[in-house]
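Here's a walk through one protein model, taken a piece at a time. Have a look at the picture first, and then we'll get going.

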Amino acid sequence: MNNIAISCNHVSYKKEKEHILTNISGEINKGTITTFVGPSGAGKTTFFKLLNGLLTPSEGSIQINGKQIEHYSPVYLRKTVGIALQEATMTNATVRENLMLPFQLSNKNFNDSLASQLLNQVGLPEDILRKHINDLSGGQRQKLSIARTLVNEPSILLLDEITSSLDRQSQVSIESLIKKINRTYGTTILWITHNLQQAMTVGHDTWVMMNGEVVEKGSSKLLKSPKTERVRTFVQGGDE
């Protein structure tokens with residue numbers, strides 16, 4: 001049985017004449033949490049957009065669950081590879097109406113029982129269902145964003161800086177939630193973070209990206225003792 005969720009083979013991406021990503025190769029095992037770190041502008045978010053089908057590689061190939069990414073329909077790919085972003089975009093409405101949206105887009109039935117199940121999955125109380133999203137804290141909004149992503153039961157979940165604007169207590173709560181989702185459902189999780197401590201404590205594996213390249217990858221412990229001078233400098237705070 002193939003244990004590889006994502007396989008990249010010499011993937012590059014350029015916009016006009018600018019090379020954003022260069023020669024990225026590697027594999028992500030199913031059921032793991034892989035954190036992605038590196039300076040701003042390293043190409044991490046662009047890489048995630050390739051995995052989600054929002055962008056197409058200029059060169060190289062990507063396989064998702066053993067299947068070439070171009071063989072997926074866009075709709076099915078984005079159900080398989082869910083994404084949650086730093087800014088949890090919501091409609092100006094209630095929690096219930098925001099939860100209903102992905103059901104409507106997928107032509108699925110929706111009711112309060114399903115809504116309560118989703119809230120329970122992400123550790124939110126049922127009594128917020130009728131609240132307006134403007135009345136939620138930042139942490140609650142991120143949990144709601146994750147709950148909406150889980151509607152499609154993605155086997156792969158991409159997280160892009162989802163805790164960067166939260167206080168420490170909310171960060172810890174989200175970290176616990178993500179580990180619970182990984183443990184309970186076997187969801188493969190890729191997480192971009194600027195918090196190196198978070199990358200080490202949450203991630204099984206870590207990829208370090210700089211200037212559009214993967215400089216090091218392996219067990220998240222690599223951040224404690226990097227092999228390359230570039231990564232050592234970054235970890236020590238000299239390449240932010």
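What volume does the second largest pocket have? About 330 Å³. Keep in mind as you look that this is a predicted model. The second largest pocket is lined by 19 residues, and those closest to its centre are Q121, L150, V151, E153 and Y185. Helix 4 gives the largest share of this lining, with four residues. Sorted by class, the lining of the second largest pocket comes out as eight nonpolar, eight polar and three charged residues.

Now for the largest pocket, which has a volume of about 670 Å³. Its lining counts 23 residues, and R78, G82, I83, T149 and N152 are the ones closest to the centre.

Helix 3 deserves a stop of its own. This helix covers residues 95-105, and V95, R96, N98, L99, M100, P102 and F103 are buried in it. What do those buried residues pack against? Their partners are helix 4 (112-121) and helix 5 (138-150). Just past the end of helix 3 you'll find N107, which has a positive phi of about 55°.

As a rule, nonpolar side chains in soluble globular proteins tend to be buried together. The largest nonpolar core here has 34 residues, and V95, L99, L144, I146 and I178 are the ones that touch the most other members. Two or more residues of this core come from each of helix 3, helix 4, helix 5, strand 7 (156-160), helix 6 (168-185) and strand 8 (188-192). Another core lies apart from it, with 27 residues that include A5, I156, L158 and W207. Going back to I146, and skipping neighbours within four places in sequence, you can pick out its contacts with A84, V122, I162, L177, I178 and I181.

Next, find L129, in the loop between helix 4 and helix 5. Is L129 buried or exposed? Its relative accessible area is 6%, so L129 counts as buried, the cut-off being under 20%. With neighbours within four places in sequence left aside, L129 is in contact with T94, V95, R96, L99, D112, A115 and L119.

Four of them make an open sheet with antiparallel pairing, in the order 2-1-4-5. Strand 2 (18-29) and strand 5 (67-68) are at the edges and have a single partner strand each, so one side of each has no neighbour in the sheet. Strand 5 pairs with strand 4 (residues 59-64) in the antiparallel sense, over two bridges, and there I64 stands opposite K67. Strand 1 (residues 4-15) holds S7. With a relative accessible area of 18%, S7 is buried too. Beyond its neighbours within four places in sequence, S7 is in contact with G26, E27, S61, I62 and Q63.

Our last stop is strand 9 (residues 205-210). Why can we call strand 9 largely enclosed by the rest of the structure? Because five of its six residues are buried. Strand 9 pairs with strand 3 (residues 33-37) in the parallel sense over four bridges, where V37 has V208 as its bridge partner. Strand 9 also pairs with strand 10 (residues 213-219), here in the antiparallel sense and over six bridges. In that pairing, M209 stands opposite V214. Strand 9 and strand 10 make a hairpin with two residues between them, and N211 in the turn has a positive phi of about 50°.

How values were computed:
Residues numbered from 1 in each chain as written. Predicted model: local features only at pLDDT ≥ 70, side-chain atom pairs only at ≥ 80, totals over all residues. Heavy atoms only, no water. Buried < 20%, exposed > 50% of the residue type's maximum accessible area, 1.4 Å probe, protein only. Contact = heavy atoms within 4.5 Å. 1 Å grid on protein atoms, 1.4 Å probe; cavity = no way out; pocket = protein on both sides within 12 Å on 5 of 7 lines; lining within 4 Å. Points joined across faces, edges and corners; volume = space filled by probe spheres on them. Nonpolar A, V, L, I, M, F, W, Y, C, P; charged D, E, K, R; others polar. Core = buried A, V, L, I, M, F, W, Y, C linked by side-chain atoms within 4.5 Å. Pairing = 2+ DSSP bridges.
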